[in-house]
Each structure stands twice: as C-alpha cells, then as structure tokens.
Amino acid sequence: MTTASSPHNPQSTVDLGAQYITCTPHYAKTHQSFYDELLAGGILKPLISPIDGMVTKEGDCNFVAPHGVSSIINHYLKQSGADICFRQRVTQINLRDNKWEVSRETGSSEQFDIVVLTMPAPQILQLRGDITNLISECQRQQLESVSYSSRYALGLFYEAGTKIDVPWAGRYITSNPCIRFISIDNKKRNIDSRYLGQKLRAIPWLALHSAENDFTNNWQCVSCRGHMEPWESSEIGPSLVIHTTVPFGVTHLEHSTEDVQELIFKQLENIVPGLPQPVATKCQKWRHSQVTNAAANSLGQMTLHLQPLLVCGGDGFTQSNFDGCITSALCVLEALKKHI
C-alpha cells in the first residue's frame, strides 16, 4: 500500500501498489468494524468510477482511498500512538539478556521486549544472528514455500490543467506483453484534480443495507452520494499509474528502473496514444508483489520464540489483500495477548 508524491507538488499523489479494496460478503461481516471505521472517517469510500475489464462477483463491494491507499496505514499508525521510524533496514536479530537486540544496516542496534516481523518471507530468511537458529526446520520449509509475483509500477505526474481524454478511470489490459493495468489515479478515486490534497468536510455519503437493519449481516453498498467542500483553492495536475504484467516483471527484475521505464513508455504509447509528457515519474520495482502461495498451516502467523516473544505475520501467512492483512493482524494480536 504505497502512495507516491510528485517532487514538484506533494499534493499530487499516485497509488503505486493496491488500487482498490474488494470486500466480499464474508469479510463484510467478519471485518465489519474495520470497514465501518474507515468509511465513517472518510478513509475509504465506494469505488464508483468505471474500471474497464474489472471482474466483479455478486455481493462484492469495491472501495478506494480518496487520499491515497497509504492513508489506511497512516490511520492505524496514528491510532497506535507508537513512535515510528521509517527507512530502517533490519539486518540481525539476537537474543541478549532475555531481550531482542535488533541491528540495523547502519550498524546501530536497539533492544526490545517483543518483536513482530511483517516483511516478506524471503526477507525473514535473510536475517542474520540468533534468529537463524530459532527457526525450526518445519518453519523454515513453510517460509521457503511462500512465493510472490513480481512486477513494476510506473507513476506519472502531469501539469495542472492537463487533460487525459479516456472514458475510463482504470483499465485492465489483456493483449499487451508489458502492461496489465492503467489507472487515471485522481479519476479512479473520484476526486477532481482541483481539489486533490485539500481538507474535505465530513459529509454523509454512504448508504448501507442490512437484511435485519442492524448492520450485522450481509450488508452491501446500495447507494452513494455526496460532494466535496474545499477549504482552500488549489490546482493540481492529474496522475497516472501503470502496472506491468507478472511475466514482464520477472523477466526484467534485475534491469535498471530507467531501462524498464523506457520500455513501459513505448508500450503505453500503443495503448493510450498522444499522452503529454509528464513533469515527473516514479518507477517502483515490486520484487515481492502479491503472494501466490502462502505459508501452509500457519493460521495467520508464525511464532518463532515465546520468551521473549518473536512472531511473524503479514500477507505471506494469509492472502495478499486488505482482509488478508487484517486476518493476520488479528492472529498476531491473539499471540501477543497469550504471552504478555
């Protein structure tokens, strides 16, 4: 769930990872409190813009994050009250005096009572230190069995006033060896580019229906309404994101992002000819994009050590979507509650 900003204007953003969230009837019930909270706070809203080629199933609801998909993560980080340190690469985990000593790539280290790892399974196996001896042979085989797809995402930022004249907000491509998905990001999020990045007043816009009128069973989106009330004037250009196919991503995984970007541009011209030149670009390599095979029999998490507690979680132990992440988080929480 990554949202990139234009270097020319931080209010101009584009989602480079997850594009929208699909909620099935099952998770609408079991994860209702999470969806209710995010919808009430305006962090999610129904996807109403046309996505060409999207496969939908009866009872599913699709949502977008109007302020970028990373706003979901930021919401939960803010709720946690924790002091967050970004861009800290962990290289070693050692057991010191009944605490975990976590070492960074910079050489510095810090001690913790509990460690929760949510990085991709291959990166867990790359960690050095005592953790290598704490992973049982069975757990190692489970972690090694987790597989991921790989792809690239290219974000394009345009000048204010730029028009991208296509009838869709997003489009799945089935006949191109390079490009799988294209989205006009602000159009997908149903936000006028004039109002991107502005504070919006909370206005009721979602109607939910329940068979028993208590919002506990089988709710579904039946209508959407509302408008934005900008608190300040602004003009921000549109943004566009391209996701490559998995075969293209695997083939070019070790290529430079500059070379990959050039290849994507050439294919993009065939699909959407006449696009203006962007003022900025962001090419993201997703080496571990979506889980294609999760850890078997992991029950949403994997406990590597009890005292002190060291537990692994994330979509590698469930599935690569929002509900998979929530499921794993709840399983990790149960593991924590048992040992705190």
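**Surface patch, sheet and salt bridges in a predicted model**

Q: Which residues form a nonpolar patch on the surface, and about how much accessible area do they have together?
A: In this predicted model, the patch on the surface is nonpolar and is made up of I114, V116 and I340. Taken together, these residues have an accessible area of about 280 Å².

Q: What is the order of the six strands in the open sheet, and which are the edge strands?
A: The open sheet has mixed pairing, and its six strands follow the order β5-β13-β14-β17-β12-β18. Two of these strands pair on one side only, and the edge strands are therefore β5 (51-52) and β18 (280-286).

Q: Which helix packs on the sheet, and what angle does its direction make with that of β12?
A: The helix that packs on the sheet is α9, residues 257-271, and it touches β12 (151-157), β13, β14, β17 (239-244) and β18. The direction of α9 and that of β12 make an angle of about 70 degrees.

Q: In which sense do β13 and β14 pair, and which residue of β14 is the bridge partner of G170?
A: Strand β13 covers residues 170-172 and strand β14 covers residues 179-184, and the two pair over three bridges in the antiparallel sense. For G170, the bridge partner in β14 is S183.

Q: Is S103 buried or exposed?
A: S103 belongs to strand β8, which runs over residues 99-104. Leaving aside residues up to four places away in sequence, S103 touches R89, V90, T91, Q92, S108 and S109. With a relative accessible area of 11%, which is under the 20% limit, S103 is buried.

Q: How far apart in space are G313 and V332, C-alpha to C-alpha?
A: G313 sits in the loop between β21 (310-312) and α10, and it is buried, with a relative accessible area of 1%. Beyond residues up to four places away in sequence, its contacts are L117, T118, G300, S328 and V332. Although G313 and V332 are 19 residues apart in sequence, their C-alpha to C-alpha separation in space is 6.4 Å.

Q: What parts does the salt bridge between R96 and D130 tie together, and how many residues apart are they in sequence?
A: In this salt bridge the closest N and O atoms of R96 and D130 are 3.7 Å apart. R96 lies in strand β7 (residues 90-96), whereas D130 lies in the loop between α4 (121-126) and α5 (131-134), so the pair ties together parts whose separation in sequence is 34 residues.

Q: Where do K266 and E262 lie, and what is the N to O distance of their salt bridge?
A: Both residues lie in helix α9, four residues apart, which is about one turn of the helix. E262 is partly exposed, with a relative accessible area of 46%. The side chains of K266 and E262 meet in a salt bridge with an N to O distance of 3.9 Å.

Technical notes:
Residues numbered from 1 in each chain as written. Predicted model: local features only at pLDDT ≥ 70, side-chain atom pairs only at ≥ 80, totals over all residues. Heavy atoms only, no water. Patch = residues over 30% accessible without salt bridge, like charges linked within 9 Å, V, L, I, M, F, W, Y side chains within 5 Å. Areas by Shrake-Rupley, 256 points an atom, 1.4 Å probe, with all protein chains shown as cover. Salt bridge = Lys/Arg side-chain N within 4 Å of Asp/Glu carboxyl O. Contact = heavy atoms within 4.5 Å. Axes fitted to C-alpha atoms, helices over the stretch in contact; angles between N-to-C directions. Buried < 20%, exposed > 50% of the residue type's maximum accessible area, 1.4 Å probe, protein only.
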